[in-house]
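Please look through the sequence and the model shown here before reading on.

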Amino acid sequence: MSKYCILFADCIPVRGSRKSVISDLTRSKTYMIPNSLYDLIIQLSENPIDKVKGTIPESQYPVFEQYIKFLEDRELVFYTSHPERFPALKEQYEEPFEISNAIVRVDTSQGEALMETTLEQLEQLRCKHLQIILEQALSIVELEAIAAKITDYQFRSVELDVPYHESFTDESCMPILKNNRKIQNLVLYNAKEDRCVTQANFRTLEGMSNLFYITSGAQDLNCGQIHRNLFLSSMEFVMESKLKNNCLNRKVSVDSQGVIRNCPSMSESFGNITETSISEAIEKPGFKKLWDITKDKVNVCKDCEFRYVCTDCRAYVEDPADIHSKPLKCGYDPYKGEWSDWTSNPLKQKAIEFYGMQELVQVQETSTSQ
Amino acid sequence: MAEGKYSTVEYSESDTLASLPLYYLRLYYMDILFQEDKDNQLYSECKFNRGITYATPCHKHISTRFNLTKCLKSKE
Amino acid sequence: MFGEKTSNVIIIFCQYTSATDGIEQVLHWLDHLQAPYLRVNCDKERLSLEYLDLANDQIVLRHNESTFDLADVSAVWYWRGGVSLAVPQYDPSSIVQEIFSEDFGREAVKNIGMEQRTIASYVFGKLFKKPHINDPYRTSVNKLQVLEIAQEIGLKVPKTYLLSSSKQIAELAGESSDYITKAAHEGIMTTIGRRFYNGLTANLADIESTLLNEKFHPSLVQQCIEKQYEIRSYCFMDEFYSMAIFSQNDDTTKTDFRAFTQDCPNRYVPYKLPKEIEEKLLRLIKRLGLNCGSFDLIYSAEDEYQFLEVNPVGQWMMTSVPCNYYLEKRTALWLKENTVQ
């Protein structure tokens, strides 16, 4: 019987304009491959390997063998006489609850009542993951108390962002992570260095919870970064990317004044939590309007090989007048297959000015030139 | 969490050996490294369904205001 | 958790710690579907009988502070734990002893035990006549008997023996193929101190010959089938959700895929069994009186499906998650649809 050489279903090939990738969802890896290999993979999925080889001129055999070896060495393919018994993964992404992740900004100088209301409501909505940004400096004792309070809510994971203070050291902060295992990341922003301390934490991402010292600030204008090392190659993420906007879907944000938005970087408000509950706000017309903008519907991104593993941003886009334009902070050109610094791209200067990011961009330029 | 091994269990008495099914002579075991995790904050009682619930990481970046991965990678 | 009067209740028998089994996800979906359910954590609590009227076919059960009528139960899901009714909190032996004698007390304990079992088996018998997933009285099957039935139905099964002496093993060694040994019931699985033991399938060749006694406990020995891949197939209400497991690339998982390594996880991919195999498996499951089950098969180097075993209350999350089947939603929908009478 003729043998087929096919990709495992958890290895997803994606073709871009100039280059392609294979995302290995089980092993969390994304391999960059030439488009010719992508085309070969498609041929191999439909025809026996001998037949495919027969269509290739003999002079190309070494390349063909090299390609097959690449796929075999990384355990991306297997051989079978019955490809029909190996269906593709069904493209499905569902969650039982409307809101899965939330960003909450807290101004502790105004007391904690607003935060408590917000977290209680999020808990009732069964929101699973929380990023909480504390805007005011606080002492280690206050931080401990707030961490313990947040841990009491029914979230699955929490990222706690706090302004750096000199009294925050590995010794004083690591116990907070140890005592509150739901806190996956404790981020000290406006720090003097960029550094990470990791603690083994069974059952959390990569088996770790992390203490980060980050030099940058926590302002919303900083968000929407697009970077290779932010790529995620997992079943849930790729499925969500294919079917929904992978950033905004099932997200809600509440700022330190109580304003409810889909995302903190967006201007449109859907009420204030002091008057409108989160569950009312998310049902208002327009709250979910961007949730269906998948990468396949975004200009340029739709031709990019990274479209299902890359984060999206609809808050800061290249052409603020066109909600389908690509994320402003992306420096990749899929038509050339090259990365460049987005801040110096002349086409983006208008948008940078529109969003008032000139200062931010200058800071980035100085730090990259160091 | 742990490293799995096949052990050759040391049974000294031949009476013991005679009373064991063969598969006992090659048992798979794992040593749990973080035992303390079993009884603290890794899981908590769920308010909604009378069972326990586990801490699990988010499958996506909730926001990208910090490029934490960059920091994580540079450490390696 | 209930109001005054709740109808269409789904009863779920599981354990307090069942979160990792996917129970939690199913309950989330039930919450989303607004389907009322009652979770009985069998490791911590029991249902108790309040009242039974045979003529009017009425049974009232108590769960903690609330009571409910059996007629209002629309579906039942048995997952884990022993089902029995709550027993009174006093010890009958000491009380009866005071009145009668010590010997009478002993007899009374036995007798009252049977009394309770009679009531429980009637009540749970009635409960599990409702639309249900799994059956607490059929949580375990006899592996040997299952292999016999599978063979009768026309499924291929590996050559299987029960051996009790090293001489018999030596005779097997004369044949060409490899052999494995595993539990005839279920492999021992327990955590002692910080060590978790799991009685997985072992290759006979890997057992140290010095340990092989002349005589030993009768042990299940099976011809080792050289595999292209393993198959886990979860059968839920006559539908098959199958998964192929490729573990051959890694020596640690050659005999039992559950002994995987973190660095190089096995491949778990969606799979479609040929219709003919699905039909045979369905016949097998019906013969065993089950409505759900998780099958283990091997697709051999000889291109044959070899049936290994069926787990009546089988793990389904391990198939659902990597294959993106959303069985947690499917399960919740099934439980809910049966709540509409």
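The paragraphs below go through a sheet, a helix, a hairpin and the nonpolar cores.

This is a predicted model, in which local features need pLDDT of at least 70, side-chain atom pairs count only at pLDDT 80 or more, and totals for chains, interfaces and linings use all residues. Residues are numbered from 1 along each chain as its sequence is written, chains are lettered from A and ligands numbered from 1 in the order in which they are written, and side-chain values use heavy atoms, with hydrogens and water left out.

Chain C holds an open sheet of four strands in the order 8-13-9-12, with antiparallel pairing. Helices (H or I, at least four residues) and strands (E, at least two) are DSSP runs numbered from the N terminus, and two strands pair if DSSP finds at least two bridges between them. Strand 8 (160–165) and strand 12 (202–203) of chain C are the edges; each has a single partner strand, so one side of each lacks a neighbour in the sheet. Five bridges link strand 8 of chain C to strand 13 (residues 215–223) of chain C, and C:Leu162 has C:Leu220 as its bridge partner in strand 13 of chain C.

Helix 1 (residues 23–32) of chain C has seven of its 10 residues buried, so it is largely enclosed by the rest of the structure. Buried means under 20% relative accessible area, exposed over 50%, and partly exposed in between (1.4 Å probe, protein chains only). Among the buried residues of this helix are C:Glu24, C:His28 and C:Trp29. The buried residues of helix 1 of chain C pack against elements that include strand 4 (52–54) of chain B and helix 8 (327–337) of chain C. Just after helix 1 of chain C, C:Gln34 has a positive phi of about 55°.

Strand 17 (residues 292–300) and strand 18 of chain C run antiparallel and are joined by six bridges. They form a hairpin with four residues between them, and C:Asp303 in the turn has a positive phi of about 60°. Six of the seven residues of strand 18 (residues 305–311) of chain C are buried, so this strand is largely enclosed by the rest of the structure.

A nonpolar core is a set of buried Ala, Val, Leu, Ile, Met, Phe, Trp, Tyr and Cys residues joined through side-chain atoms within 4.5 Å. The largest has 74 residues, of which A:Phe86, C:Leu281, C:Leu284, C:Phe295 and C:Phe307 touch the most other members. Apart from it lies another core, of 64 residues, including A:Met115 and A:Tyr355.

Notes
Contact means heavy atoms within 4.5 Å.
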